[in-house]
Amino acid sequence: MAVTTMIGAKIHRREDPRLVSGEGRYVDDFTRPGCVALAVVRSPHAHALVKSIDITQAAKAPGVVAVYTHKDFVKVLSGTMPVTPSFVAEKKQSPPRFPIADKEVVYQGEPVAVVLAETKYQASDASNLIEVEYETLPAVMDLDKALEAKSPTVHSGAPDNLGWDLTYIPDDPAVMKEADVVIKVRILQQRIAPTSMETRGVLAEYSKPDGTLTVWMSSQSPHFVRLFLGGAMGIPENRLRVISPDVGGGFGAKISPYSEDWLVPAAAKLSGRPVKWIESRTESLQTTTHGRGQVFEVEAGAKKDGTLVFIKATQYLDAGAYMGTFAAFQACACLLAGGAYNWKHVAARTVGVLTNKVPTDPYRGAGRPEATHLCERAIDLLAGALKMDPAEIRRKNFITTFPHTNHFGLVFDSGAYEKALDMAMKIAGYEKLRKEQEEGRKKGKYLGIGLSSWIEICGFGPSAATAPATGGIALVESAQVRVFPTGSVAVYVGTHSHGQGHDTTFPQIVADTLGVPYDSIELRHGDTAEGPAFGYGTYGSRSLAVGGMAVHKASKKIVDKARKLAAHMFEAAEEDIAFDQGQFYVKGSPDKRKAFGEVAFASYGAGLPEGMEQGLEAVAYYDPSNFVWPFGTHIAVVEVDPETGHVDLKRYIAVDDCGNIINPMIVDGQIHGGVAQGISQALYEEVVYDNESGQMRTGTFTDYLLPSANEFPIFELGRTITPSPTNELGVKGIGEAGTIASSIAVINAICDALAPLGIKHVDMPASPDRLWKQIQEASGGSSNGKEARK
Amino acid sequence: MIPAAFEYARASSVEEAVKLLKNYGEDAKVLAGGHSLIPLMRLRLAQPSALVDINGIKGLDQIKESGGKLHIGALARHVSIHNSQVVKDKLPLLAEVAAEVGDNQIRNMGTIGGVVAHADAAGDYPTIALMLDADIVTNKRTIAAKDFFKDIFTTPLAADEIVTEIVFPVANGPHKYIKFRRRLFDWAIVGAAAQKMDGGWRIGLTNVGPTPVRAKAVEEALHKGAKPEEAAQHASDGLNPSGDLRASPEYKKHLARVLTKRAIEQAG
Ligand SMILES: Cc1cc2nc3c(=O)[nH]c(=O)nc-3n(C[C@H](O)[C@H](O)[C@H](O)COP(=O)(O)OP(=O)(O)OC[C@H]3O[C@@H](n4cnc5c(N)ncnc54)[C@H](O)[C@@H]3O)c2cc1C
């Protein structure tokens, strides 16, 4: 019999035919009889007192069913929106957040009223008739100014704008003195908007007779929503069902619960009608949590021979007007500030700052792109100061022995950093590129080569580490495998696929473990009424390393039971039973076999072994022993037009190592998307607020720049495989890798290109107008002078 | 992102459209490709009381040469202008410009009449119309391009006036349009056009002010024998562009000079 395995097979995503042919079912594709549309009236101001709300005209408008404000919602909602400790256990302050404003609005877009109407058009029209009288207050928009003693406060009556200030490891002045060269750099991580194709949306139906609530929601973690929403509405989990059907992208912004996630179900309860709200693109840019929004002050030192001595990073995080549920997760940038390298000392401090903007929260990579960015920038600056090749300084200082415990006590499970660097350099033709660069410089061509040797912590993640971070619930993962009498299999998982391809990869794992045909396995997720009691959702590149392992573990429980039953059927001892390619036989007589399906059928019959229950199904919770640590090296090649500041991204090479691979095509797809998103931050995306008025200036896709496929070269991918010792499958995560690595690869390439002009650092997004200005300043011309070089 | 309520009617002739516009009154608007108007309505920045759809008017998309001029019907889509053999032969610059407008969806829907009537400062055709002294023909009159683009989003068109065609001179000498933008489908941050015509150069600029600009100082310098690089220094003479998220006024002026130089040098 030919040995076939599904694990590692490059098979097409089975969800794609449905999704690309428009058959996907998103929140807006669902409705309920009698459903009304909800429109949200939002604060146009960043900071103001709400003096009065006049709903008279709106209430009389055609089709209007109800208008609700704060005073109505307090009848059915209690408590405040959740804020977890994450990486900062003690906050200086975390302003309590109710899903709708009462007397004060603290960011543009904060809900002040909702309108329910028979159609979305009527709801939208009527929402324009609500008259809110505001008294504007000074808005705190600037991160630096927010911390000044005389700064106005984000919330009236607050002592200041400090959310947290935590030093993980202080300086070590003695070690700092050992460095021969020291560099300093201030790095901006601009706010960016996680722009998934499907915006947020909620549909809720409350049944008064039995007190049950069903909510359809575009979410990455429906079980957490159920937990939190149940608390807010006083509905136990067994009466509250959250369904996240197909979800058109999340990127981290659909983990935490939002105001509307509470307001829509609450409005359904108040009105007795099913209620639907679908976020518009402008609402999305304005009110869905933003990513990044940080400033880093970095200092690093090395010896003359290139040996790294110390790195010190201070993170200032623009938290927005309230703490996002996982805002402090982004402080993990501090814990990975040392990157892939041996340093004698790493110092890190995080400062969370409140501003009158929408909260920030995890966005693809969350903290890890920032860590890679600051570390890899520092490494390049040190290389520049030492006149060393950037590849050489990396090679010289890589961590080479594993497991490796970093300065913060985190244990890197496995790695082979130099191997990935070598492969990336080989694909790039590094030596040749350097020659081209040298030649080009003589002709006024500004070619730049940027390296990014990245590492990542993911696979959240051990119960002991994560329960304190969430405030109680350990981030393990659950799975249930059900084998039906005729041998078809249903797998229920607590992770949530919104682009990751779980429908394909998880059945690949089950097919190998059970030895049943891949096509006989169905994956189900995203409905809290199905499968295990709790699921933990998808974020932090955890699904395979934690959820995949839960699937594997549950499948093995099935095999164990089936083996016992097969032994009974063969009248043999259990130890003597072999299981191979979905067939049981007695060792030594492989010609007499029982297929898995036969055993499954028998499990529903009579005459089972003493004490064995009928049926063939199993639930497993998997608690990993550690995080997993993917890594790799990316190389970007750019040419900068010195006359216009335009960056031409000529090539992009990505070598990634995520341990064993379940499906190479899906891994490549994750890298493609991630790389594009990181490049996009480096060159295009930026949320801009007017610092005076607090108004967002990037409220549509005309102003908020998202690149299209046209703007990217074909990515050149390579792969090394270093299995993780943390789990039996040897897998790590790959969902965020591309984003973690790529922004700094591009920025390092631009800095490299402009090095001959004496430009040391370039911030994101490296837009042509900014680069042109920097080039002007560097070449001594005033910015209104003639052309750059002439 | 939901427009305010409006009436809708579809016209099958220019006369009918004009009559409908008259009946609906001041707040009615013509609907052509909808790729400028509908986004504005969705943001409720435009709230017309009625739309008079002209897409059903036969022949309004005609492209032809007649009397030594190139006539482009107001309803001609960007994609048709780009693909038209007549345009390629008689005014290849225009065919090239059409290929640079927006993305496929926009080129399939958007019309030249819509761009001209909308008079967005970043519109590409207005630059070409202005620098080549094109005429804008309506159901009432013929207006020279230099009298048409008076301010941003502002034209002499009356509420019941419909653009029927744009009439360009024939010019098939060396030409080039360079559009500086962030993404392939974007509007110009700045655009520069160069066309050799009647023994001299015509130079036009996009998005360096509220209206398109004809860079006469550059044309004159070239006429006097200046090298492209020297002449292009005059591209920013008298410009006073406003800054936006993508470019400061200084940067726009700088781009005007650089792109003008490149357009002249690359004109072929
Ligand atoms: C993402 C995006 C990118 C774009 N990029 C570019 C670009 O790079 N360059 C560029 O030039 N354009 C660009 N456009 C605009 C596009 O070319 C539009 O199609 C054009 O501006 C308007 O043409 P329309 O036919 O769609 O007009 P509509 O949107 O239907 O109408 C626009 C206005 O003109 C009026 N109007 C239309 N036709 C007539 C007529 N015959 N007589 C009188 N009034 C009329 C309408 O009443 C309305 O006020 C872009 C649009 C989008 C959405």
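**Note on the contact between chain A and chain B**

1. In this predicted model, the side chains of Arg262(B) and Glu643(A) meet in a salt bridge, 2.6 Å from N to O (a side-chain nitrogen of Lys or Arg within 4 Å of a carboxyl oxygen of Asp or Glu). The rule finds four salt bridges across the interface of chain A and chain B.

2. Local features need pLDDT of at least 70 and side-chain atom pairs count only at pLDDT 80 or more, while totals for chains, interfaces and linings use all residues. Residues are numbered from 1 along each chain as its sequence is written, chains are lettered from A in the order in which they are written, and side-chain values use heavy atoms, with hydrogens and water left out.

3. Chain A brings 40 residues to the contact and chain B brings 25 residues (contact means heavy atoms within 4.5 Å). About 2700 Å² is buried between the two chains, and carbon and sulfur atoms give 54% of that area (the accessible area, with a 1.4 Å probe, that two parts lose on being put together, summed over both).

4. Asp124(B) lies in the loop between helix H7 (112-118) and helix H8 (125-131) of chain B (helices are DSSP runs of H or I, at least four residues, numbered from the N terminus). Asp124(B) is buried, with a relative accessible area of 5% (buried means under 20%, with a 1.4 Å probe and protein chains only). Leaving aside neighbours within four places in sequence, Asp124(B) is in contact with residues including Val97(B), Tyr177(B) and Thr206(B).

Note on methods: Helix = DSSP H or I, 4+ residues; strand = E, 2+ residues; numbered from the N terminus. Buried < 20%, exposed > 50% of the residue type's maximum accessible area, 1.4 Å probe, protein only.
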